[in-house]
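Subject: Structure for you to look at

Hello,

Here is the structure I said I would pass on. Please open it and keep it in view while you read the notes below.

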Amino acid sequence: MTPPRQLPLNLVWRPALGREDFLVAPCNAAAVALVDVWPDWPAPTVCLYGPPGSGKSHLAQVLAARAEACVLSPGTWEDRDPLSLFEGGRVLVLEDLDEGPLPETALFHLLNACRQAGGGLLLTSAQPPARWPVTLPDLRSRLSALPAEGMGEPDDDLMAMVLLKLFADRSVEVGPGVISYLVARMERSFSAVRALVDRADALALSERRRITVPLARRALQD
């Protein structure tokens, strides 16, 4: 008799976001090095940029834990006194700055306050700061001079490591040959890796089985 399909519960899983959990490869090594050398940054403000899922948020969390930094969400800092945000040399993290309208005047004053107060500021974005659509000349000049390190798309070895990590984060067992099968056939992006792991995990849960090559093939087709 065929076992009944089980509807997977929509559980929220927490990825492992420690420094030791981050997978270093040529496409992200410079960004990792920039985070690792804190507090000896080349400038008070630095930026990490790259495509979605490339690891920017992971590294931002690493820095936040190490520097006891405050991660600020959009709408929580623009109207505050910028000097007070860096009181005591505090380190701040602002993520995905180029996703929406950029508060140019507020960001300009924040950059100035960071240097004046002796604080630190980590920015993350999809594009390097020099390419942000900025109209304020003084801000454009500051952004163009920021130390920024990119995080690129993964090669085959890193794709395999990311797949293994994401499955391990979920405590999911995969059968022999699954990782190499997926790496040879999947889209080359971190976001695609995450989506594929989601689909494979959901299939395995619903059918109460481990992830094998046939199941991985179906996850790819979906």
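**Helix H8 and what surrounds it**

The residues of H8 that count as buried are Phe190, Ala192, Val193, Leu196, Val197, Ala200, Asp201, Leu203, Ala204, Ser206 and Glu207. Please bear in mind that this is a predicted model. Helix H8 covers residues 190-207, which makes 18 residues. From the first C-alpha to the last, H8 reaches 26 Å, close to the 26 Å expected at 1.5 Å a residue.

Which helices do the buried residues of H8 pack against? They pack against helix H6 (156-169), helix H7 (178-183) and helix H9 (213-221).

The contact with H9 can be described in detail. On the H8 side, Leu196, Arg199, Ala200, Leu203, Ala204 and Glu207 take part, and they meet Leu215, Arg218, Ala219 and Leu220 in H9. The two helices pack at an angle of about 125°, and their axes are 9 Å apart. H8 and H9 are therefore oblique to each other. Their crossing is right-handed.

H8 is followed by Arg208, which lies in the loop between H8 and H9. The phi of Arg208 is positive, near 55°, and Arg208 is a residue other than glycine. Arg208 is exposed, with a relative accessible area of 58%.

**The protein as a whole**

The protein has 9 helices and 5 strands. Along the sequence, they follow the pattern α-β-α-β-α-β-α-β-α-β-α-α-α-α. The C-alpha atoms fill a box of roughly 70 × 30 × 30 Å, taken along the principal axes. There are 222 residues in the protein, and 43% of them count as buried. Among contacts with a separation of 6 or more, 75% are between residues 24 or more positions apart.

**The sheet**

In what order do the 5 strands stand in the sheet? The order is S2-S3-S4-S1-S5, the sheet is open, and the pairing is parallel. Strand S2 (70-72) and strand S5 (148-150) stand at the edges with a single partner strand each, so one side of each has no neighbour in the sheet. On average, neighbouring strands are turned by 20° against each other, direction ignored. As background, strands of a sheet pair through backbone hydrogen bonds, either parallel or antiparallel.

S2 and S3 pair in the parallel sense over 3 bridges, and Val71 stands opposite Val93 in S3. S3 and S4 also pair in the parallel sense, over 4 bridges. Leu92 has Leu121 in S4 as its bridge partner.

**Backbone points to check**

Most residues other than glycine have a negative phi, and most peptide bonds are trans.

Pro39 lies in the loop between H1 and S1.

Asp96 is not a glycine, yet its phi is positive, at about 55°. Asp96 lies in the loop between S3 and helix H4 (104-117).

Regards

Conventions. Residues numbered from 1 in each chain as written. Predicted model: local features only at pLDDT ≥ 70, side-chain atom pairs only at ≥ 80, totals over all residues. Heavy atoms only, no water. Expected span 1.5 Å × (residues − 1). Buried < 20%, exposed > 50% of the residue type's maximum accessible area, 1.4 Å probe, protein only. Contact = heavy atoms within 4.5 Å. Pairing = 2+ DSSP bridges. Axes fitted to C-alpha atoms, helices over the stretch in contact; angles between N-to-C directions. Parallel < 35°, antiparallel > 145°, perpendicular 65-115°, else oblique. Left-handed = near helix turned anticlockwise from the far one by under 90°.
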